[in-house]
Amino acid sequence: MPEPAPDRVRITDRLHVVAVLLDTKDWPGFAATLTEDVVAYGRTGRADVVARVRSHLDVCGATQHLLGNIDVDVDGDAARTRSYFRAFHVGLGDRAGATYECLGEYRDEWRRGPSGWLLAGRVIDVGAEVGDRGVIAPLS
């Protein structure tokens, strides 16, 4: 029987899962990757974080969140990651044909729980933006 993957591999896999869940707009799946008290996207708590992300991604069409240069630091049942991201968003409805792209760095905190590693915090540093930010603007 193969040995379990090291924590750094499991956490890297979780990072990729989060990106896919954002792109597929699987909100229950995304919520399941978060701790109950997560602090991310300018919000605190699982429900508020999911609502905030939905307010930006439900108003646009296809998205693609790509990750690279992932650094993982594990300390027992806690971990931190730094990863580069490039996020592409396609306009929908009145913004059809428009695009918005940003790139930068995620600084994430993770906590090991009974179901594995969960995202406990996320800070996003956007280094560059191209296109129409209105593509991801929440509806008023």
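User: Of the 30 residues in the largest nonpolar core, which touch the most other members?

Analyst: Leu22, Phe30 and Trp110 do. A nonpolar core here is a set of buried Ala, Val, Leu, Ile, Met, Phe, Trp, Tyr and Cys residues joined through side-chain atoms within 4.5 Å. Buried means under 20% relative accessible area, exposed means over 50%, and partly exposed lies in between, with a 1.4 Å probe and protein chains only. This is a predicted model, in which local features need pLDDT of at least 70 and side-chain atom pairs count only at pLDDT 80 or more, while totals for chains, interfaces and linings use all residues. Residues are numbered from 1 along each chain as its sequence is written, and side-chain values use heavy atoms, with hydrogens and water left out.

User: What is Phe30 in contact with, leaving aside its neighbours within four places in sequence?

Analyst: Phe30 contacts Val18, Leu21, Leu22, Tyr41, Val49, Val50 and Val53. Contact means heavy atoms within 4.5 Å.

User: Take Val50 from that list. Is it buried or exposed?

Analyst: Val50 counts as buried because its relative accessibility is 11%. Val50 is part of helix H3, and beyond its neighbours within four places in sequence it is in contact with Trp27, Phe30, Ala31 and Leu34. Ala31 is 19 residues from Val50 along the chain, and their C-alpha atoms are separated by 6.4 Å.

User: Moving to the sheet, what is the order of the six strands?

Analyst: The order is E2-E1-E6-E5-E4-E3, in an open sheet with mixed pairing. Strand E2 (43-44) and strand E3 (63-75) are the edge strands, each pairing on one side only. Two strands pair if DSSP finds at least two bridges between them.

User: In what sense do E5 and E6 pair, and over how many bridges?

Analyst: E5 and E6 pair in the antiparallel sense over 14 bridges. These two strands form a hairpin with two residues between them. Within this pairing, Trp110 has Leu119 in E6 as its bridge partner.

User: And E1 with E6, parallel or antiparallel?

Analyst: E1 and E6 pair in the parallel sense, over three bridges. Val39 has Gly121 as its bridge partner in E6, and Leu34 stands opposite Leu119 in E6. Val39 also has a bridge partner in E2, namely Thr44. E1 and E2 pair in the antiparallel sense over two bridges. In the hairpin of E1 and E2, which has two residues between the strands, Tyr41 takes a positive phi near 55 degrees.

User: Where does H1 lie relative to the strands?

Analyst: H1 lies across E3, E4, E5 and E6, running at about 155 degrees to E3. H3 also packs on the sheet, touching E1, E2, E3 and E4, and its direction makes about 55 degrees with that of E1. For these angles, axes are lines fitted to C-alpha atoms, for helices over the stretch in contact, and values run from 0 to 180 degrees between N-to-C directions.

User: Changing topic to Asp108: is it buried or exposed?

Analyst: Asp108 is buried, since its relative accessible area is 1%. Asp108 lies in strand E5 (residues 99-113). Its side chain makes a polar contact with the side chain of Arg122 (2.7 Å). A polar contact is a pair of N or O atoms within 3.5 Å; within protein, one must be able to donate a hydrogen and the other to accept it, and residues adjacent in sequence count only if both atoms are side-chain atoms.

User: Which residues does Asp108 touch, not counting residues up to four places away in sequence?

Analyst: Asp108 touches Leu15, Ala79, Arg80, Thr81, Leu119, Gly121, Arg122 and Val123.

User: What about Asp23: with which side chain does its side chain make a polar contact?

Analyst: The partner is the side chain of Thr63, at 2.7 Å. Asp23 is found in helix H1 and is partly exposed, with a relative accessible area of 22%. Leaving aside neighbours within four places in sequence, Asp23 is in contact with Thr63, Gln64 and His65.

Conventions: Helices (H or I, at least four residues) and strands (E, at least two) are DSSP runs, numbered from the N terminus.
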